[in-house]
Amino acid sequence: MNSDPIPWTDITIALGTVAALIVSLISLYFSAAAKSLAERQEERRTPKLIPALGQAYVRSLPALQVHVYALYLTVSNPMDSDNAISLIDLNITYLTQSKTIMTVKLRAEPSDVDKFMHKAAKHLAAPVRVAAHDTVSGWCYFRVAADLLKGVSIEGYELTLTDSQGQRSAVGSLLIQEYNDAL
Amino acid sequence: MMRFEKRVFGLPAQAFHSLPLKIVGDAGIASAIIGDGRLIPAVILDTTERPDIAEYIRVHRFVAEGDVNSQWGRPETLPGSVVLILRVDRPVELEILIEFEIVRHGVLVEQVLMSKGIYIQAGKEGDRVKHDVDAPKVIMEIPDMGFRPFWDKLYFKYLTAGMRERGLRRSEAKRAARALIEEFKQFGAVRMPTPRSHSFTGQSTDK
């Protein structure tokens, strides 16, 4: 049987091709790993604040015709980049007498600290910086005119934070306790 | 500065999330302490189908601050009207669309553009501002945002057409429309004297 020997050049080319394929696969593996790492790093740089609520009180002040809400808020920044809280809003959802569901947004009022003085260990007022991997906490105060909520049925509360990038995060289902001086 | 192209003003019906509200009453309010004494139009909107808007106006009395974005539009479904779209973000999130019939309410649009503001009040057919001057109102700032040139052409076209229908020749109708618009502008430019419009009297004691 006479068979032509395979030319050494073909063998070299075949080996070279296999080697190139192996190098490519290794390179692909490392590229995918690097991409995944870069994505994870990028994700950690995406601004995100995580709010959590501690205690929540409401105090009625008939002399001033207002209700003042005090909420103890903890905000953590698990990301790799610094952030800031630019707005803190209390959203009150209520049902009017004409059965219309409304949600009113109230901005935190730093001037109402004195209404809860002995509970106000630390005041959290926007704007406030939250460094990367840091947490801030404190009491937030909201003032509502008594006439605004007169005759309506409150359906729920939600606290929303807006960060300096315009991202919003919220804490819902707040159970608010009536405040009295004995507390 | 943000400017709209002409085509933006011709809006398809899908651009709106709610129906435009009819104006059932209007007036002008000039105050020495608001808007540098400019005459700001006040409109009563028929909110019988939109109790949320009536509630928003009530709530606003108790919340000092508010945020609103505005845009003028001309919906395809309302060829003889322009619509002011108000997207309120605070204290309540809602959308309010106000329909201005070009011929009937053109003077109000002129006044909104001149004073850069509008008062809105909730009401129903038959209500008038003078019936209850203390009724809750919300004042909103309405920037021009490039609508003025579009409006000037549109208003002139509709007023001219109206004059033609009354029997005027084309050139006469154009002249009359121009004169009428000029008159509206002069009327709208009236201002209340503000505390800043008076010069201080007496000698300054500052050294």
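What follows is a chat about the labels and what stands behind them.

Modeller: First, the ground rules: this is a predicted model, where local features need pLDDT of at least 70, side-chain atom pairs count only at pLDDT 80 or more, and totals for chains, interfaces and linings use all residues. Residues are numbered from 1 along each chain as its sequence is written, while chains are lettered from A and ligands numbered from 1 in the order in which they are written.

Biologist: What makes α1 of chain A a helix, and how does its reach compare with the span expected?

Modeller: A helix here is a DSSP run of H or I with at least four residues, a strand a run of E with at least two, numbered from the N terminus. Helix α1(A), residues 8–45, has 38 residues. The expected span is 1.5 Å times one less than the number of residues.

Biologist: Which residues of α4(B) are buried, then?

Modeller: B:F147, B:W151, B:Y155, B:L159 and B:T160. They pack against β4, α3 and α5 of chain B. As for the pattern, an α-helix has 3.6 residues a turn, so residues three or four places apart point the same way.

Biologist: How do you know that β7(A) and β8(A) pair?

Modeller: Two strands pair if DSSP finds at least two bridges between them. β7(A) and β8(A) have four, in the antiparallel sense, so they qualify. A:L159 stands opposite A:V171 there, and A:G166 in the hairpin has a positive phi near 85 degrees.

Biologist: And what about β1(A) and β9(A), how many bridges join them?

Modeller: Two, running parallel, and the cut-off is at least two, so they pair as well. A:Y57 sits opposite A:Q177.

Biologist: What counts as chain B touching chain A?

Modeller: Contact means C-beta atoms, placed from the backbone, within 7 Å. Eleven residues of chain B contact twelve of chain A. Helix α2(B), residues 51–60, gives the most to chain B's side, with four residues.

Technical notes: Contact = placed C-beta atoms within 7 Å. Buried ≥ 20, exposed ≤ 12 C-beta atoms within 10 Å, placed from the backbone.
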